[in-house]
Amino acid sequence: MESAVKSGALLSLEDLHPSSPFFADGSSLRVIGKLQEYSSETALAIIVDGSAKLKVNTNHLRDLSFRAGSIYQFIGELHIHQPENEAILQARVGRNVDGIDLNLYHQSLQLVRQFQAERTGNRMAQ
Amino acid sequence: MEKERLKSLTAVHVKLLAFDLLALTRTPHTFSRRGLFLSRAETLGTVTSRDHKPGRFLKFAVDDGTGCVPCILWLNHLTSPHFAPRRAADQDGLLMAAGVAASQSSEVRIGAVVRVRGRITSYRGSVQITVANVVVERDPNAEILHWLDCLRLARKVYDRRSISCP
């Protein structure tokens with residue numbers, strides 16, 4: 001079990017761009033954003049955070065109900081689809097986090113990544 | 001007042017981020033972080049895997065965004081030889097402990113955010129937590145507050161090689 005489950009690296013959607021080291025096929029990520037669209041036919045969700053958006057495949061999440069305008073957190077693996085270079089997160093875990101303080105979340109996320117980078121020397125964490 | 005210098009925090013549950021907890025050094029009888037001896041820990045994060053063997057154990061992983069902490073909740077109070085002396089001395093207490101553990105195990109579901117406290121142990125060379133108690137956190141800000149607690153404690157308390165006590 002220990003080696004099978006990868007931790008989802010904390011990431012703001014705005015930091016997920018093609019030049020980011022996290023923008024790679026198979027990257028395990030944890031993202032958060034407001035649900036803009038959801039299709040029950042395809043199980044595809046689009047979450048947004050500021051000007052950034054991400055498509056999330058939720059077909060493995062059976063017990064989660066989706067409501068546009070609510071805030072969701074997902075952990076999963078990123079898949080880069082060619083030739084469009086489109087990133088889609090294949091979510092393995094998701095939850096509604098309505099009520100979260102997003103400003104505090106983003107500030108704290110930066111502090112955690114900074115601390116982790118200091119201690120591990122891993123620049124990916126920054 | 002003269003201050004006593006301690007090099008151990010074994011009596012408390014230390015709050016460590018997963019990457020920090022998983023990097024602890026094993027010593028013969030306990031674990032250490034930068035020379036500070038530790039034996040109990042608290043972690044908080046999302047349950048990302050679950051392996052349940054009824055009447056034996058529940059293994060699960062807690063992902064806090066910096067790593068996955070393997071946790072084991074024993075459910076074998078009524079059958080394991082480990083609990084035999086306690087079965088003889090305090091059967092009612094042990095039955096109650098078994099009931100609490102079974103009830104807690106049903107709360108641990110994939111996707112739930114849980115706060116876990118327990119002993120730091122190792123299995124096949126990797127650090128894990130042997131669960132004393134686990135509760136589901138419903139406050140969406142609980143993880144953030146845990147991160148900030150971990151950062152503050154690491155910098156202000158655990159990073160010091162010895163702790164000053166009045």
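Student: Let's begin with Arg115(B) and Glu137(B), whose side chains meet in a salt bridge. How many residues apart are they?

Tutor: Keep in mind that this is a predicted model. The N to O distance for this pair is 2.7 Å. Arg115(B) sits in strand S9 of chain B, while Glu137(B) is in the loop between strand S10 (126–136) and H4 of chain B. That makes it a link between distant parts of the chain, and the separation is 22 residues.

Student: And is Glu137(B) buried or exposed?

Tutor: Buried means under 20% relative accessible area. Glu137(B) comes in at 19%, so Glu137(B) counts as buried.

Student: What does the salt bridge between Arg95(A) and Glu143(B) join?

Tutor: The closest N and O atoms of this pair are 3.0 Å apart. Arg95(A) belongs to strand S6 (residues 86–96) of chain A, and Glu143(B) to helix H4 of chain B. Arg95(A) is buried at 13% relative accessible area, and Glu143(B) is buried at 3%. Since one partner lies in chain A and the other in chain B, the pair joins two chains.

Student: How many salt bridges cross the interface of chain B and chain A?

Tutor: One example is Asp159(B) with Arg119(A), their closest N and O atoms being 2.8 Å apart. Searching the whole structure gives 21 salt bridges over all chains. Across the interface of chain B and chain A, the rule finds five.

Student: Which element gives the most to the side of chain B that touches chain A?

Tutor: Several elements supply at least two residues each, among them helix H1 (18–21), strand S9 (113–123) and helix H4 (142–158) of chain B. The top contributor, with seven residues, is H4(B).

Student: How much area do chain B and chain A bury between them?

Tutor: The contact involves 33 residues of chain B and 30 residues of chain A. Of the buried area, 66% is on carbon and sulfur atoms. In chain B, Phe19(B), Pro140(B) and Trp147(B) lose the most area to chain A, together 22% of what that side buries. The area buried between the chains is about 2600 Å².

Methods:
Residues numbered from 1 in each chain as written. Chains lettered and ligands numbered in written order. Predicted model: local features only at pLDDT ≥ 70, side-chain atom pairs only at ≥ 80, totals over all residues. Heavy atoms only, no water. Contact = heavy atoms within 4.5 Å. Buried area = accessible area lost by both parts, 1.4 Å probe. Salt bridge = Lys/Arg side-chain N within 4 Å of Asp/Glu carboxyl O. Helix = DSSP H or I, 4+ residues; strand = E, 2+ residues; numbered from the N terminus. Buried < 20%, exposed > 50% of the residue type's maximum accessible area, 1.4 Å probe, protein only.
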